[in-house]
Amino acid sequence: MEIKENAMKYTIKNHKMNGIVTNHPNDLISLMKSFSTETVEKTEIIPEIMEIKNSYKNVYECFRYTIYNKQLFPKDENKKILDALRIVGLKEDILSLGLMDISSSEKKQLQIALALLSNPDTIILVEPFKSMDFQNEKLMTFLFQKIVEKFKKTIIIITEDLESVLKNDNHIIIFKNDKFIIEGTKEEIIKNIELLRKHKVILPEIIEFIYLAKKRKNVRIDYSYDVRDLIKDIYKHV
Amino acid sequence: MEVILNINNLEYKYLNDQYIFTNLCLYIEKNKITTISGSNNCGKTTLLKLLSINRYQKKGCIIINGKDITDYNQKEYNEMVQAVFPNINNIEEKQLMDEIQNHTNNKDEEKVKYILKELELDKKRNKEISKWEPSEIIKLQIAKAILNSNSIVLIDSIDQYCSKKEIEKIYLFLKKCIEKYDLTFIITSVDLRESLYTDDLYILNNGSILLHGDPLKVLEKDNIINKAGLKIPFMIDLSVKLKDYDLINKIELDEGKLIDTLWK
């Protein structure tokens, strides 16, 4: 789908993971809200979809409230809840736990499960990888890929952190101060590193380091996202 | 070195009987910023919760200023220890601003002014809080904790709502508060880059201490940290590996200097 907004034009790839990088995530969320009401597609925005309130007695009540609030009327409510839990990789016994007793990563999985209840076409996530360890980041990425590939959903990740979307096979769109800068694959983005620097887009530290080494010392090392690959390249060229 | 807080043989389990701490021992130095890090679900937030209220049912003891925390009355304890558990959904914004306003009306006018200015909230003061950015709400919660505590401030994972730049500014401000208001900070974060702004680092794993010490020294233990599911900050990770290859002889945090050392 193509989005036009105040002379800006960029593309969200359907049935793919899209990463939108911006230094003003809140402005972009407002933009996405307007776009989600203007299109016929069903969109769920996380964490906007629901505020996980600690006042819910347990996770089950949280599901029941979401189903009621969104007037979903499923034929088999329990099956719907269990299906959503299964997709995000949560076990059934979480339903009886209080929201204070589940971890922050489980809360994120729960938010996605709640978003899936209404069977949306597009899921928009704001900073899904923040406060996440390495292992959970991998699990979450795997979950997004599964939602895209198996359930044919479009995922849009809104983040301030270019590094978090450069690592995976995302379609990347970059904004700076609400102005569209560039879109493309990670290879296309990195090819335009001078443009990113011109607009003061914060680069991943590893990319910045390689850029500086190339610029200052004319060193021929490839852009990589893994320190071990970089070390091999440095070893060859020192 | 003056120790302000001591945890001895702490044992605590969740409602589902799963143990999170079995024999946890740690100490916190006075007038320092200590980071408690570890992978998700390792018990960082639980530990701060146990410290935030002195009435939790637990085994073992927690000593603050030489006294078991259960021996303090609630009022004394609240004046001593304040906690920030960032939550922009449940925050009772109006009440929070009223509380800060009360400080202004009373004796702490200057302190309020200073804290709000340092956290860049002074110009926001008269604006409706519903229009504030999430990071500003978190900073307001930190401001309230600093205003109400006379000893220890606990801050749980602010990186979810604050950018790297904002986090750096918050840490610089906390350092100023240590001297100005005689405070000690205990901060949890999964992001080890934050520990570089702090004085002491604990890494928790499976309910016990995996590593402890000066952050720069701890972060050199790359294999142990990676196994615990944490990412080492890029410049330290790179330096440690270059040291292993004998390409450099010390950890370098400045990328320009490292490039100059490698390619003279």
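A salt bridge is taken here as a side-chain nitrogen of Lys or Arg within 4 Å of a carboxyl oxygen of Asp or Glu. The model is a predicted one, in which local features need pLDDT of at least 70 and side-chain atom pairs count only at pLDDT 80 or more, while totals for chains, interfaces and linings use all residues. Residues are numbered from 1 along each chain as its sequence is written, chains are lettered from A and ligands numbered from 1 in the order in which they are written, and side-chain values use heavy atoms, with hydrogens and water left out.

**View 1. A salt bridge between B:K164 and A:D161.** The closest N and O atoms of B:K164 and A:D161 are 3.8 Å apart. This pair crosses between chains, running from helix α6 (residues 164–181) of chain B, which holds B:K164, to the loop between β6 (154–159) and α6 (162–166) of chain A, which holds A:D161; helices (H or I, at least four residues) and strands (E, at least two) are DSSP runs numbered from the N terminus. B:K164 is partly exposed at 43% relative accessibility, and A:D161 is likewise partly exposed, at 24%, where buried means under 20% relative accessible area, exposed over 50%, and partly exposed in between (1.4 Å probe, protein chains only).

**View 2. The interface of chain B and chain A.** Contact, meaning heavy atoms within 4.5 Å, joins 36 residues of chain B to 40 residues of chain A. The two chains bury about 3400 Å² between them, 59% of it on carbon and sulfur atoms, buried area being the accessible area (1.4 Å probe) that two parts lose on being put together, summed over both. B:N40, B:F234 and B:W263 supply 22% of the area that chain B buries against chain A, more than any other three residues. Four salt bridges are found across this interface, and A:K217 and B:D260 meet in a salt bridge at 3.1 Å, N to O.

**View 3. A:R86 and A:D83 in helix α3 of chain A.** The side chains of A:R86 and A:D83 meet in a salt bridge of 3.1 Å, N to O. Because they are three residues apart in helix α3 (residues 77–88), A:R86 and A:D83 are separated by about one helical turn. A:R86 is exposed, with a relative accessible area of 54%, whereas A:D83 is partly exposed, at 24%. A:K79, A:D83 and A:R86 are linked in a network of salt bridges.

**View 4. A salt bridge within chain B, between B:E252 and B:K250.** The closest N and O atoms of B:E252 and B:K250 are 3.5 Å apart, and B:E252 is buried, with a relative accessible area of 14%.
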